[in-house]
Amino acid sequence: MGNEESVFFSRVLTELTLSFHIIYATIGVGIPLMIMIAQWVGIKKQDEHYILLARRWTRGFVITVAVGVVTGTAIGLQLSLLWPNFMELAGNVIALPLFMETFAFFFEAIFLGIYLYTWDRFENQKKHMLLLIPVAIGASFSAIFITIVNAFMNAPQGFDIANGQLVNINPVLAMFTPAMPTKVAHVLSTAYMTAAFVLASIGAYRLLKGSNHVYHKKALFLTMKIGLIFSIATAVIGDFSGKYLAEYQPEKLAAAEWHFETEEGAPLMLYGVLDDGEVKYAIKIPYALSILAHSNPNAEVIGLDQFPEDEIPPLYIHYLFDIMVTIGMWMTALSLVYVVGTWLKMRFVASKWYRWLIVFGGPLSIVAIEAGWWFAEVGRQPWILRGIMRTEEAATTSGQVDLMLLLFAGLYLVLAIGSIVVLTRMFRKNPVEQELSDRKLEKEGDLQ
Amino acid sequence: MTLEIIGISVLWLFLFGYVIVASIDFGAGFFNAYSLFRRKQHILTRVIQRYLSPVWEVTNVFLVFFFVGIVGFFPKTAYYYGTILLVPASIAIILLAIRGSYYAFTTYGGLKQKRWTYLYGLSGLFIPASLSIVLTISEGGFVSETASGIELDYWGLFTSPLTWSIVVLSLAAVLYISAVFLTWYAHKAQDEPAAELLRKYALFWSLPAIITATGIIVELRGHNPEHFSRLMELWWLFGISFILFAGTVYLIWKRKLYGIAFGLLTGQFLAAFFAYGISHYPYLLYPYLTIYDSFTNEAMATALIIAFIAGLGLLLPSLYLLLRLFLFNKDYVQGKRNDHA
């Protein structure tokens, strides 16, 4: 196998691992917060339903954590196995957040074990809830640190290059790159949003499938409220991200928007197809790109004409960008209508068709997460370290990457099927009505 | 002490931590499968599950911590070991992934089948085998640097007696460490049948563990004479290790003080592990890579050490809490509490 093939298969394997990992990782970052909120509401309102909600989410969460942990270990090692030259170079500058990520992960792992096995140990439920805070903090901080590493790859800084050597290294400066604030904020808010909508979709599904229990209604309303808050936050941060790109990574924004010529008062292209360099069927919103990039309808936006051809990312990222933004907008609208409709006691939000829309919202949010990451990652091609190292210079020279790709693809298939089977069995065998009556019997037994 | 030495010592200590906790985990899976095979599962399963459940995730982190740390402190290892280890490390990752998720799926999801228990037990033995290959490679002689990059001589590695001795040692050590720990744990749980059975396993595995360990020292004489002579200079550390080994076996034999026996065992492995590590100095990969020419810049090293100290400040109390709530909590250990989510 030649070097070119090694590069190709390394890219495919990394993409496969990450695409699989982020499904579980996003849920893993978001759900602890949801569990915390549910348990807190339960304690506050003295409502058994919310506590049970927290408990049932926790059980499902363990399964997603397990897959998240093992695939996270895989990508952690693959960084060095598939991109040895990159890690050798970048390790000098970016090892600190990677190292801190393992601490956050450690912290989460310890307290998750404790939280799981002390449900009835403490008299005071609040004490048990306190254990969840380090779990949520650990989960969010591992996302923060690992996103910092990714932000560094997009906007490397904190070192100088003299005669091909890295000098004057400043590990802290390397963590606080210009890309870092928007990336970290966007990753966190979308993780919370996605987790909320995935849980909402489960609640809606149970309501559709016959169970008309008030428990599911409470769950649905709570998660849709949280989802709404974070989808609004995501939209605001998304706007900041656009401004960041215009300032620091104009080629990514220009490729995403099919903005070929540098111009003032640039329009925004929505949808459409690219045919021989011609944009067709697109919806053109005048001045919108200038507003997105610089908050000024007449501002100049740099186009692809300013870059050498071999430094331009693939133009198909436009579709990914559109998918991400459209789903984001759709979910914001869907949750807003649901929350307002419920407050105003409008009937249609409890109708079958609306609940089906909510059911599809969970998977759609995950699609948006995938599209967003593909857009962010493909959008910085051809660089692995923007402006410093090209992707083909970073890959391994080993000849067995294609075989490893097959092995890992098999592994992810097994993990996907396994986790879906286990999760559905877990909740199908023990529906909430059953568990509520079991707990009631148990309590009465205790009193006698 | 230079920053390089601090860095490698810290990492070596964490690797040691992984060796102990992972051995307990891998061995437990194997004994569980073996007892199912011998129809004695009812004796062991509960005790093993009760120990493993709250800590299985923590075990994994020790490994992640080690490999992230070594790439951080010694970025050149990413280039050398990253290129060489693609196949063995990928196999280890896949086995670890299947094992970890299978554990979660069965424990929390109720997916239970006999053949999976066997596979689970066996996979636990393949992982230490595939990981211990790194130790063989680090001795040199299997890697060559060519114009197009670095290459690993798979056939040479596969046919080397050193490889197989290290594999056998890792297996014997896994089963020995695990059996001693579980004997102690079962005894604490007042589960005497389980303690008795595990005690037998511990005594059985003590012998191959010590014989292969000695055998490897002899083999190194031919394979890497430089390393061998450095090992000989540290004979006293191996002496201490052997005395501690004898102490453990004596206590287990006499059915006394299982907790102390496990403490002695930890000391035995700690002494041998560090003696091996120190004698390897200064090479990370003989003769290409030393800890000096692969070390990161000073600014990063300082930052990593500060992060490490801060991190430990957070971790040690949390680990203590974990142990206090589960390992040293009588009601939990004896299975009188079922506080599972």
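Mentor: The largest cavity holds about 170 Å³ of space. A cavity here is a set of points on a 1 Å grid over the protein atoms alone where a 1.4 Å probe fits but cannot get out, and lining residues have an atom within 4 Å of a point. Grid points are joined across faces, edges and corners, and the volume is the space filled by probe spheres set on the points. This is a predicted model, in which local features need pLDDT of at least 70 and side-chain atom pairs count only at pLDDT 80 or more, while totals for chains, interfaces and linings use all residues. Residues are numbered from 1 along each chain as its sequence is written, chains are lettered from A and ligands numbered from 1 in the order in which they are written, and side-chain values use heavy atoms, with hydrogens and water left out.

By type, the lining of the largest cavity splits into 7 nonpolar, 3 polar and 2 charged residues. Ala, Val, Leu, Ile, Met, Phe, Trp, Tyr, Cys and Pro count as nonpolar, Asp, Glu, Lys and Arg as charged, and the others, Gly among them, as polar.

Helix H9 (225–233) and helix H11 (258–280) of chain B each supply at least two of the lining residues, and H9(B) has the largest share, with 3 residues. Here the division is 3 nonpolar, 5 polar and 3 charged. Across the whole structure, the search finds 7 cavities of 30 Å³ or more.

For context, turn to chain A, which has 15 helices and 10 strands. Its C-alpha atoms fill a box of roughly 80 × 45 × 40 Å along the principal axes. Of its 448 residues, 58% are buried, meaning under 20% relative accessible area with a 1.4 Å probe and protein chains only.

Technical notes
1 Å grid on protein atoms, 1.4 Å probe; cavity = no way out; pocket = protein on both sides within 12 Å on 5 of 7 lines; lining within 4 Å. Helix = DSSP H or I, 4+ residues; strand = E, 2+ residues; numbered from the N terminus. Buried < 20%, exposed > 50% of the residue type's maximum accessible area, 1.4 Å probe, protein only.
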